[in-house]
Number of protein chains: 2
Amino acid sequence: MRATYMYGAGDVRVIDVPDPVVQHPTDALVRVVRSCVCGSDLHPYHNMPVSEQGESMGHEFVGVVEDVGSEVRTVGKGDFVIAPFAWSDGTCDFCREGLQTSCRHGGFWNAGDVRGGQAEAVRVPLADGTLVPVPVEEKSPLVPSLLTLSDVYGTGYHAAVKARVTADTTVTVIGDGAVGLLGVLSARQLGAPRIILMGRHKERTDLGREFGATDVVAERGAEGVAAVRELTRGDGTHVVIEAVGHMPAYEQALGVVRPGGVISRVGLPQYNNAPVGWDLFGPNITLTGGPAPARAYIETLLPAVLDGTVDPGRVFDTELSLDAAPDAYRAMDDRRSLKVLLRA
Amino acid sequence: MRATYMYGAGDVRVIDVPDPVVQHPTDALVRVVRSCVCGSDLHPYHNMPVSEQGESMGHEFVGVVEDVGSEVRTVGKGDFVIAPFAWSDGTCDFCREGLQTSCRHGGFWNAGDVRGGQAEAVRVPLADGTLVPVPVEEKSPLVPSLLTLSDVYGTGYHAAVKARVTADTTVTVIGDGAVGLLGVLSARQLGAPRIILMGRHKERTDLGREFGATDVVAERGAEGVAAVRELTRGDGTHVVIEAVGHMPAYEQALGVVRPGGVISRVGLPQYNNAPVGWDLFGPNITLTGGPAPARAYIETLLPAVLDGTVDPGRVFDTELSLDAAPDAYRAMDDRRSLKVLLRA
């Protein structure tokens, strides 16, 4: 089959690899219907050291079950399924607490002998805990929105949930990528009355307004902070969703959060050390977030997707064939595309 | 009157200064009955640059109101009062939210023209918002416990509240100083079934056991982390109260917190940058805490102090006269005293 591998910064190739097969009784084999490129895939695209064997890519996909191991009970051949971006047993204490990213027996795609979703098919470990069957046809127009439940929608929602967004909290979202925009949608769904979106790309921030942003601040750095402060009587907002992962976004978050507020990070931090001294401690700011247990939110978010109340799939502005994956990375890296859907 | 000033690292003097007087209609003048030295006072005691005019010291005191300005309504001459470690108007939005340390019109002792509590008397700004009258005599044996409501008890409680300690959370407390020990007491009051106290001073950790610690770990660093992990089936605890403020304590906190858990800092950070990359982000750890709005907790904590259910004043193991304040600093710095009460 065809699968996407990265061999170093900027070097993405779609190659032939052996077809995956069911190896364990708890595995499922999923034929991929749609996968996509994630903002976090751009981090290795910028800085991955050259690798001869390459790294399998992709952690977001929906597809159709082709085969299952003897112990799989909750999905079967022919089911359309959503695969969240971590696989998990669904039964351990962390899974029961909704922290499937810390599952005692789970893991991430593209690690060990588990391969990625930017491919024609994937072997899914612990299929019962991991996959969520959805009663739709693979040709359904809902497929892009369902795919966002793999990662970006769940991640935006996770940011808002960890920050405890309610109808009483004002929110700033830093970043107009897919996660930031779906952070806006999530904050809106949780009732936030004021959502300030910080982003420079008008097409994206326009979509952000449709998702629920009440204000847009295009400036960055000190100017951006001043603009948010001006919109909030000098105070900043109760919640800041940081959906970028770079240090300037962290600093911006510190600049626009209200005393007693929360910075919720869901952009993979591209730094190790950050200022957490008096600037964070003095005003009693809470720093939270992490990789989203997307699996935990699928059942919660699914109904509004299925009945058309929300259309998170609008973050996909480009669709390419799997073989064009290198173009997809380039288009996202150049900011020509917000998020690219790959047709397997 | 006599008042304590610091003139540089290790240089504490008790000097004569003009008697404070009511300056504003919202001021109260409080004759200090008892004050004390705080673990956080030891930070400048270690590293304050030499200063010719010196810095007024002390942010914890109880006393008797001697005079009030014309607009003061809630306290009057002769009232025994507790002064929390920040002064605040009690009416702004932050005060109403219980974040008096961020009061729009308040501030901290020993800043601007507001002097400190290690003195015979203190001018208290915004007396209505700041002071809490308590129906006790100044000779009451409850005075030491009431004094802990100025800071250390409220600070330990703040750590536990910010970490959302409940009957379902296991807790590690790092630090066997007064705040750490009262963090133990607070976690116990909030129902924590398991409280592991990390500290090396047997007398202090023994008191910690009486306050509710179920386990004591004397080791520090990697050994201490391993010991806590062993006590928790390898997982660490849901909550870590970090009551020290030095980087090794932060690192220890990262080492013993369970995935999805909370590190709650109430030791004043003696660092600016700290690791908050994958180690914090990956397991979805929340970092919270800050200077305690002690004022917010006095009414909550007072009844159990008044009826003798708890005796937080046991953290005071030494009492000296105000003129011996330099000895008090030395005794605490040498770890000969846990916390020193000063008799004004």
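Colleague: In this predicted model, how far apart do the C-alpha centres of domain 1 and domain 2 of chain A lie?

Modeller: The C-alpha centres of these two domains of chain A lie 26 Å apart, and the division itself puts residues 2-151 together with 293-343 in domain 1, while domain 2 takes 153-289.

Colleague: How many residues of each domain of chain A are in contact with the other domain?

Modeller: From domain 1 of chain A there are 19 residues, and they are in contact with 16 residues of domain 2 of chain A. On the domain 1 side, helix 11 of chain A, residues 294-306, gives the most, with 4 residues, and by class that side of domain 1 divides into 11 nonpolar, 4 polar and 4 charged residues.

Colleague: Turning to chain B, where is B:Ile298 placed, and why does B:Ile298 count as partly exposed?

Modeller: B:Ile298 belongs to helix 11 of chain B, which covers residues 294-306. A residue is called buried when 20 or more other C-beta atoms lie within 10 Å of its own, and exposed when there are 12 or fewer; B:Ile298 has 19 C-beta neighbours inside 10 Å, and therefore counts as partly exposed. Leaving out residues up to four places away in sequence, B:Ile298 touches B:Ile82, B:Pro84, B:Val132, B:Leu149 and B:Gly154.

Colleague: Which residues have the most contacts inside the largest nonpolar core?

Modeller: That core has 217 residues, and A:Ile241 and B:Ile241 are the ones with the most contacts inside it. If neighbours within four places in sequence are left aside, the residues in contact with B:Ile241 include B:Ala159, B:Ala160, B:Val171, B:Ile174, B:Ser264 and B:Val266.

Colleague: How many residues does each chain bring to the contact between chain A and chain B?

Modeller: The contact takes 26 residues from chain A and 26 residues from chain B. On the chain B side, the elements that give two or more residues are strand 15 (257-265), strand 16 (273-275) and strand 17 (286-289), and strand 17 of chain B gives the most, with 4 residues. By class, this side of chain B has 12 nonpolar, 12 polar and 2 charged residues.

Colleague: Do strand 16 of chain A and strand 16 of chain B run parallel or antiparallel, and how many bridges join them?

Modeller: The two strands run antiparallel and are joined by 3 bridges, with strand 16 of chain A covering residues 273-275.

How values were computed: Residues are numbered from 1 along each chain as its sequence is written. Chains are lettered from A and ligands numbered from 1 in the order in which they are written. This is a predicted model: local features need pLDDT of at least 70, side-chain atom pairs count only at pLDDT 80 or more; totals for chains, interfaces and linings use all residues. Two residues are in contact if their C-beta atoms, placed from the backbone, lie within 7 Å. Ala, Val, Leu, Ile, Met, Phe, Trp, Tyr, Cys and Pro count as nonpolar, Asp, Glu, Lys and Arg as charged, and the others, Gly among them, as polar. Two strands pair if DSSP finds at least two bridges between them. Domain bounds come from an automatic or database domain assignment. A nonpolar core is a set of buried Ala, Val, Leu, Ile, Met, Phe, Trp, Tyr and Cys residues joined through C-beta atoms within 7 Å.
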